[in-house]
Each structure stands twice: as structure tokens, then as C-alpha cells.
Amino acid sequence: MKLKEESFIREGKGRLKVVIESEGEKLETTVKGSLKSVEEIAEMLGVEARDGRIETVVDGVKVRAERGRLEMEFENGDRLRIKRA
């Protein structure tokens with residue numbers, strides 16, 4: 001798996017569970033890798049992490065992150081969740 005620099009996931013050891021919910025359907029899978037740190041994600045989004053957490057809205061996308069977990073909810077209601085498996 002080749003990941004771009006903008007990805008929230010870094011290559012390496014570990015497994016992540018990825019859940020995508022769209023229009024009432026749910027897709028679940030696992031991938032090899034690990035989430036970037038909360039601080040790295042905050043820097044990518046141009047926001048500040050507080051107490052090791054992010055809770056913000058960026059370009060209409062609600063973003064919640066803490067160590068080992070990232071959740072994004074888009075304006076159209078679609079959701080993306082990534083967490084350690």
C-alpha cells in the first residue's frame with residue numbers, strides 16, 4: 001500500500017479498522033499501518049490539539065481525534081472512522 005504524505009495513516013506495523021458509513025450502508029475493513037499522532041493530524045488540518053484531542057470543523061467536515069482514533073463526519077452525512085484494531 002503506497003500512502004501519500006497527506007494521509008492520516010502511516011505505513012508500518014499495526015492494524016487499523018476503517019469504517020465508512022454512507023447512505024445507510026456500512027463498509028468495514030482492516031489495513032496495515034498506524035494513525036499519525038494527534039499533533040501531526042492537527043498540524044495537517046491547521047488546528048490546535050488540546051489535551052491530546054482534536055474536536056473541530058474544517059471545511060465543513062467535523063473532525064474528532066484522540067490517540068488511536070479518528071472520526072470524520074462530512075456535510076452530506078457520510079462518516080469515516082479509523083481506530084486501532
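1. Glu71 is buried, at a relative accessible area of 13%; buried means under 20% relative accessible area, exposed over 50%, and partly exposed in between (1.4 Å probe, protein chains only). The side chain of Glu71 meets that of Arg64 in a salt bridge with an N to O distance of 3.3 Å. A salt bridge here is a side-chain nitrogen of Lys or Arg within 4 Å of a carboxyl oxygen of Asp or Glu. Arg64 itself counts as partly exposed, at 27% relative accessibility.

2. On the basis of the note: this is a predicted model, in which local features need pLDDT of at least 70 and side-chain atom pairs count only at pLDDT 80 or more, while totals for chains, interfaces and linings use all residues. Residues are numbered from 1 along each chain as its sequence is written, and side-chain values use heavy atoms, with hydrogens and water left out.

3. The sheet is open and has 6 strands, in the order S2-S1-S6-S5-S4-S3, with antiparallel pairing. Strand S2 (25-35) and strand S3 (53-58) are the edge strands, each pairing on one side only. From one strand to the next the twist averages 15 degrees. Strands (E, at least two residues) and helices (H or I, at least four) are DSSP runs numbered from the N terminus, and two strands pair if DSSP finds at least two bridges between them.

4. Strand S1 (residues 9-22) and strand S6 (residues 79-84) run antiparallel and are joined by 6 bridges. Within this pairing, Leu80 in S6 is the bridge partner of Ile20.

5. S3 and S4 are also antiparallel, with 6 bridges between them. Thr56 has Val63 in S4 as its bridge partner. The hairpin of S3 and S4 has 2 residues between the strands, and Asp59 in this hairpin takes a positive phi near 50 degrees.

6. Helix H1 (residues 38-45) packs on the sheet and touches S1, S3 and strand S4 (61-66); the direction of H1 makes about 20 degrees with that of S3. Axes are lines fitted to C-alpha atoms, for helices over the stretch in contact, and angles run from 0 to 180 degrees between N-to-C directions. Just after H1, Gly46 takes a positive phi of about 75 degrees.

7. Which residues of H1 are buried? They are Val38, Ile41, Ala42 and Leu45. These residues cover an arc of only 100 degrees around the axis, which puts them on the same side of H1; the arc is that of the directions from the helix axis to the C-beta atoms. The buried residues of H1 pack against S3 and S4. Glu39 and Glu43 are exposed, on the face of H1 turned away from its buried side.

8. The largest nonpolar core has 19 residues, and those with the most contacts inside it are Phe8, Leu35, Ile54, Val63, Leu70, Met72 and Ile82. Such a core is a set of buried Ala, Val, Leu, Ile, Met, Phe, Trp, Tyr and Cys residues joined through side-chain atoms within 4.5 Å. At least two residues of this core come from each of S1, S2, H1, S3, S4, strand S5 (69-73) and S6. H1 gives the most, with 4 residues.

9. Ile82 is in contact (heavy atoms within 4.5 Å) with Ile9, Leu16, Lys17, Val18, Leu35, Gly68, Arg69 and Leu70, leaving aside its neighbours within four places in sequence.

10. The structure holds 9 salt bridges. One of them joins Glu28 to Lys17, with the closest N and O atoms 3.3 Å apart. Glu28 lies in strand S2 and Lys17 in strand S1, so the pair ties together parts that are 11 residues apart in sequence. Glu28 is partly exposed at 43% relative accessibility, and Lys17 is partly exposed with a relative accessible area of 28%.

11. Glu66 and Arg53 form a salt bridge through their side chains (3.5 Å, N to O). Since Glu66 is in strand S4 and Arg53 in strand S3, the pair ties together parts that are 13 residues apart in sequence. Glu66 is partly exposed, at 26%, and Arg53 is partly exposed, at 38% relative accessibility. A network of salt bridges links Arg53, Glu55, Arg64, Glu66, Arg69 and Glu71.

12. Thr29 sits in strand S2 and is partly exposed, with a relative accessible area of 40%. Thr29 and Val18 are 11 residues apart in sequence, and their C-alpha atoms are 5.4 Å apart in space. Beyond its neighbours within four places in sequence, Thr29 is in contact with Leu16, Lys17 and Val18.
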